[in-house]
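Please open the model in your viewer and keep the sequence panel beside it. The stops below say what to select next and what is to be found there.

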Amino acid sequence: FWRAGALGRASERARRHFCFGMEMDQALQALQALYNASDPATKKQADDWLTKFQQTPAAWQVADSILSRTDLPIQFRFFAAQTMRTKVQFDFYELPADSYGSLRDSLLNHIDRFRSPELQPIHTMLAIAVADLAIQMDAAWPNAVQQVFERFGQNPDSYATLLEILRMLPEENMNYKLMTDSHKRSSSRERLQQAAAQVVQFLLTLQCPSMHAKKKVMECFLSWLKFTNLQAGDIAQNPLLPECFKNVTEGGELSEIGTDIIIEVLRMSSLDLKFFQPVIQVILSMLPPLRAKLERLLSQGVELALDSDQDGILQICRIYVEVGECLIPLVMEQIRNEEVLMILRVILQCTDLPSQEISSIPFEFWHRLGNEVCRHPETDSKIDQFQGIYMELLSVAIRRCTVNPAEDPFQMDDDLASYRQRLLNLAEDCLGILTPNSALEHVLKSLQDGQRQGVVVQEAHFFCLATVGAKAEVRAESVLWQLIQSLPPLINEAVDDAKPEGVMLHFTKKTAIELLGQLSKWIKTRPEFLRSALEMISSLLMHQAAPGSPNQILERVKQVQQSASMAFREICASGKQQLGDLVPHLIQLYVQTMALPIRMHLFIVDGIGSVAAQLKQDDAFRSALEQLVMPLVNGIQSERDKPQVLSEILDRLTTIIRQIQVQAGSVKAINVGTLISNGFWPVARQCLEWHPSDSKVVEKSCRLLKHSMRCVPDLFKPLVPAVAQTLVPAFQTHQHSSYLYSAEILANTYAGDPEIVPVLTSLFHQLSTHALQCLVNKRDHLETISELVEDFYGMFDRYLRYTPMIVLEAPTLQPTLQLWLEVIFVQQKDAIEAVIAFMEAVLALVAEGSKPARGFSDEKRVRYGQLLRPHCLQVGPGLVLAIFKLMAGVPTRYVQDILPSVIEVIRAAFPQEFPLWLEAGLRQLPPQVASPAEQQKLGEQLIRGDDGLVYEAVQDLCYRCEQVTLRNRGSTETTTDAGRR
């Protein structure tokens, strides 16, 4: 050991200097490899090393030194600036308080040397670091704004640095990726708001020598505008506002930032229209030049206008839509005002533009306005006044639904399909103003007027009618009947897919079929239409493409038949009371279409099953059911070696039984019970015997048993022991979670039957014992058996709800609770949902058992809670630790949303113990996530807060942990990217 004194201190300085030199050399070597090595593996290794190095305390000094070196490449110095930013953002806790001032001075010294355009990314990074440091230092740097003014506001050469820092100060205050204390962020906000007037005044008086400088000023103004509460009079008189309108009208480099400023002013004004009335008046007075620009552009033709200045049109659309949303109360009051009408007409023009990006912008405005008009019954007269606008809007929706005839609509991309769906939502918004029947007549009139424009226009009308017609009231005198009559001939029309118009006709037929399905409530009122529609759809379902047809033809036929099968189901379900005499023909269709893809055939089965289920005569019901079921039952022997075919047979049987609703004790019920005993149960048992390892066959078999049980539980009861005897050995051989789910359904159905409870008890003990062993054996890989996790805890939850004593007396209870500490990390949604549902059920009982006895307490639940309490007390501390480890590991958004309720129920079950458990839990978080002071604040919220405060605290912690994790995974190779979000 070195002795104390000057020699010892000098030696320590030398040692530190030597260590710093080594770290500096390593960092420079890694940067050299990252940017100059030709080997990707070497670059990756360097990037990983630098990412980890940024998280070490040594990175502070190394980054500072690299920034001082003018001889190093720009990329190296950008890395240093990026490191400084991330260190201030995440690792400020590493610094002693007496070093804050020197760090601030060093950053301020560095930043002004990087203001030239080629060094802009470094300049921006350092400005962010300075802004973050002002927040982190808090009271240690109370005059940050004043100091940067004094430092960089005296010389015009430094204005670029001043503007960059000023822009970042409010932005970083609202950047929650900055790991700082809440009170620091709040104090910083107060100081910045006090400085707002000085900043805005500086921006207004600044003389800008270039367009680039002006843009910097406007970006800075926008940043402070979003952050501070400026007075309405100050904004109204601010010369930047008319300048923004001028920039948008003239176009150019400043038009985008000008648009952003105008929109931010409007959003601010919408919060209090009365207070901001002077601002609104100024904005309204500046709209005409924008409208004139739009008219001038559109006068040359829409397509040419979009080609020449799409950005300018988009900016005008954004501004007008924001004006509309801001002024919805004014629009409601003054719909006859010409100025208001002009705003609505411009928004309508924008909605009708053939650009998905621009046309979509007003959708939310029309939705909000429609809701506002309709939600006040006293505004019926107002509704009348809005009908003209919304009638035009409905026409716009139809036009925009039109597909491009030059493209194959069967190959429609997801963006266009989504856009057309949003247009249907827009059409639906119109119905509240126009009434469905008025809208229907308008669409039909539009269709009639547009007949000569061909099938493209027809298809768009059919597409919209599917929504409008389905909502309209059936009326005998409606023109819609003429359309309905015309659809079958159109659908049966031959098409030539080799020609573009033939492809469009084929697609129109598909949309017409979908329309028929949506109009089923109309069709069922006229039996002749009902039968002809079914006959026409049946012929489509029987149609086969010509042998050797190319793939695109086969795909079109497939899509049309898919639409036909869905329409068939809708029409059968709607008209089932009138179709009983057609059951023989329907069953013939059912048999003849067996070769269709299973997804299509299940729609057919569903439709025919709904008709058969409604048959009144017992013999007819039994006969129809047997004709549907027995071909499937009798056919399984020949298909026993084909698990995929067996799965499809099971799907069909399940679809049939789901439709059946019979009265207990009736002849129909007895017939169904016989069919289940002699058909469904033997089929399910045989499939399980033949393919015990096939998860799909097992799942389909168990699903068939579930619906059979629910259909006639009393008649299924004699089968329960045999079902239980099948489930246990099957699960012991192959751990398919479907067996556990079947046990759940048995408990749900027969928990109240004392004759079945012993069967349920034995079943639960055997399944839970074996399943628990499987989970324990796979405890390090639970994500790979998430379905087993889901149905294991689902079974526990269901049995606890319906037969609690079976669970409370089970030897598997304590280890199942202990496993909470590991299954909480399974992120698959259904699995974690089941785990947490069981947790909450158990802990809610414990909480109830812990409350003082009251007259209205449920004695049984109190007793259950008291029995569960010692078990949960063993698990509680570890569970809280696990929850905070889970937060540190960044759970899914779904898990983040449900964790607060878990914490609340733990707190309610163990109010005395929870604070100590919580203190240990918070220690699981990385030090960057929250300082001791912030942990204290968040802990108070979690201990004493209501559900809103608990949710807020958990979300804050999860977000902080996520940012730290993302930073740890981040790449350093972003030298050309000054972005930080």
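## The whole chain

Of the 981 residues in the chain, 53% are buried, where buried means under 20% relative accessible area, exposed means over 50% and partly exposed lies in between, computed with a 1.4 Å probe on protein chains only. This is a predicted model, in which local features need pLDDT of at least 70 and side-chain atom pairs count only at pLDDT 80 or more, while totals for chains, interfaces and linings use all residues. Residues are numbered from 1 along each chain as its sequence is written, and side-chain values use heavy atoms, with hydrogens and water left out.

The C-alpha trace spans about 105 × 80 × 70 Å along its principal axes. Taking contact to mean heavy atoms within 4.5 Å, 75% of the contacts between residues at least 6 apart in sequence join residues at least 24 apart.

Select Asp 138, in the loop between helix H6 (120–137) and helix H7 (144–152). Its phi is near 55°, a positive value in a residue other than glycine, and Asp 138 counts as buried because its relative accessibility is 10%.

Go on to His 212 in helix H10 (residues 211–227), which counts as partly exposed because its relative accessibility is 49%. If you draw a distance from the C-alpha atom of His 212 to that of Leu 490, 278 residues apart along the chain, the separation is 61 Å.

## The largest cavity

Which residues line the largest cavity? Select Phe 221, Leu 225, Leu 230, Ile 235, Asn 238, Leu 241 and Val 265 to show this lining. On a 1 Å grid over the protein atoms alone, a cavity is a set of points where a 1.4 Å probe fits but cannot get out, whereas a pocket is an open set with protein on both sides within 12 Å along at least five of seven lines, and lining residues have an atom within 4 Å of a point. Grid points are joined across faces, edges and corners, and a volume is the space filled by probe spheres set on the points.

The largest cavity holds about 40 Å³ of space, and the count of cavities of 30 Å³ or more comes to 3. By class its lining has 6 nonpolar residues, 1 polar residue and no charged residues, with Ala, Val, Leu, Ile, Met, Phe, Trp, Tyr, Cys and Pro taken as nonpolar, Asp, Glu, Lys and Arg as charged, and the others, Gly among them, as polar.

## Arg 336

Move to Arg 336, in the loop between helix H17 (328–333) and helix H18 (338–351). Is Arg 336 buried or exposed? Arg 336 is exposed, because its relative accessible area is 66%. Not counting residues up to four places away in sequence, Arg 336 touches Leu 341 and Gln 385; the C-alpha atoms of Arg 336 and Gln 385 are separated by 7.7 Å, although these residues are 49 apart along the chain.

## The largest pocket

Select Arg 420, Gln 421, Phe 463, Lys 510 and Glu 514, which lie nearest the centre of the largest pocket among its 33 lining residues. The elements giving two or more residues to this lining are helix H22 (414–434), helix H24 (455–471), helix H26 (500–518) and helix H29 (551–574). H26 gives the most, with 8 residues. The volume of the largest pocket is about 730 Å³, and its lining has 14 nonpolar, 8 polar and 11 charged residues.

Thr 435 can be selected next, in the loop between H22 and helix H23 (436–449). Its phi is near 75°, a positive value in a residue other than glycine, and Thr 435 counts as partly exposed because its relative accessibility is 37%.

## Ser 742

Select Ser 742 in helix H38 (residues 737–750), which counts as buried because its relative accessibility is 7%. Leaving aside neighbours within four places in sequence, Ser 742 is in contact with Cys 702 and Leu 727.

Note on methods: Helix = DSSP H or I, 4+ residues; strand = E, 2+ residues; numbered from the N terminus.
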